[in-house]
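Let's take a walk through this one together. Have a look at the sequence and the model first, and then we'll go site by site.

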Amino acid sequence: MRLGAHMSIAGGVENAVLSGQRVGCEAIAMFTKNNNQWKAKKLTQDDADRFNAALVETNIRPVVAHTSYLINLGSPDAALWKKSIAAMGDELARCELLGIPYLVLHPGSHMGKGVDWGIKRVAAAFDRIHAERPGLRVMTLLEHTAGQGNHLGHLFEELAQVRELIAEKQRIGVCVDSCHLFAAGYDLRKPETYAAVFQRCDDIVGIEHIKAWHLNDSKTDLGSRVDRHAHIGKGKLGRAAFKNIMNDPRWRDLPGVLETPKGPEMKEDKVNLRVLRSLIEA
Ligand SMILES: [Zn+2]
Ligand SMILES: [Zn+2]
């Protein structure tokens, strides 16, 4: 796996790459804008040039972007839904300009309208986004979720159904998160249960559609449906689960990025990356 962590773009998008290099990342995750605001300063070709120069210099690849938390493509509110569609289109365009291959999105919340309704709503949003932004290279990755509240996507079936309903489904992949999988009830700790989870994932979603991993331990129990990230080996998943993930040849070329809490010195990232690398068997 190409290991790394989520990095801040404060001071310029290229800073995410340079910070990643400082802690020993081979891949990074980042937002391309402030994740709690709808509006964003336009990116320029100059930003893209500096970003790509930093990638070449550091050999970091791939970059996995993550959307703003405000976007809800499952929203029953017409105004919010349209605003989300416009914002998602804009985020895809930002990634395209920067040459980022993947943009991770939480599928959305149906806000009480029901799972089937929500799945159709999200798929309809993507058909609009794809029609408005034809021919982009960047792929959206639907993130498997912990299943809190009315959030869609904690069952493999839901991710598969959203993807299946989208006309241009070749533009849609999947991102899995170890913490979310566990919170959703998929046990990654024993080799047997781990194997069963990804057999099921392959049968329902297709393993080839998984393009990125978020590597987080979980503060909450199996099936809790509560999303609380813990440092690697310090949560309920423990080192055994990450040993299973790190030594699975199916993920060999995929980015695996941390989304765990850290201070300004990013020492926690260094420790977590060291733990992950120590679990790889020769
Ligand atoms: Zn995640
Ligand atoms: Zn999470």
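Predicted model: local features only at pLDDT ≥ 70, side-chain atom pairs only at ≥ 80, totals over all residues.

Residues are numbered from 1 along each chain as its sequence is written, chains are lettered from A and ligands numbered from 1 in the order in which they are written, and side-chain values use heavy atoms, with hydrogens and water left out.

Start at the zinc ion (ligand 1). Its protein donors are Glu 143 (OE), Asp 177 (OD), His 214 (ND1) and Glu 259 (OE), at 2.1 to 2.3 Å. A donor here is an N, O or S atom within 2.8 Å of the metal (3.2 Å for Na, K and Ca), and water is not among the atoms, so sites may look incomplete. Along the chain, these donor residues follow the spacing E-x33-D-x36-H-x44-E. Glu 143 sits in strand E5 (residues 139-143) and Glu 259 in the loop between strand E10 (255-258) and helix H9 (267-278), so the pair ties together parts that are 116 residues apart in sequence. Helices (H or I, at least four residues) and strands (E, at least two) are DSSP runs, numbered from the N terminus. Both Glu 143 and Glu 259 are buried; that word means under 20% relative accessible area, with exposed over 50% and partly exposed in between (1.4 Å probe, protein chains only).

What makes the arrangement around the zinc ion (ligand 1) irregular? The 4 donor atoms subtend angles of 84 to 171°. Four donors count as tetrahedral if all angles lie between 85 and 135 degrees; four count as square planar and six as octahedral if opposite donors are over 155 degrees apart and all others between 65 and 115; anything else is irregular.

The zinc ion (ligand 2) is 4.3 Å away from the zinc ion (ligand 1). It is held by His 180 (NE2), Asp 227 (OD), Asp 227 (OD) and His 229 (NE2), at 2.0 to 2.5 Å. This site is irregular too, with angles of 54 to 128° among its 4 donor atoms. His 180 is buried at a relative accessible area of 3%, while Asp 227 is partly exposed at 22%.

Now for the backbone. Most residues other than glycine have a negative phi, and most peptide bonds are trans. The Arg 61 to Pro 62 bond is cis, with omega near -10°, and Pro 62 is in the loop between helix H2 (45-58) and strand E3 (63-66). Met 111 has a positive phi of about 55° and is exposed, at 55% relative accessibility. Met 266 also has a positive phi, about 60°, but is buried at 10%.

On to the helix pair. The axes of helix H5 (residues 156-165) and helix H7 (residues 191-204) come within 9 Å and cross at roughly 20°. Phe 156, Glu 157 and Ala 160 in H5 meet Val 197, Arg 200, Cys 201 and Ile 204 in H7, contact being heavy atoms within 4.5 Å.

Last stop: Asn 35, in the loop between strand E2 (27-31) and H2. At 16% relative accessibility, Asn 35 is buried.

Note on methods. Axes fitted to C-alpha atoms, helices over the stretch in contact; angles between N-to-C directions.
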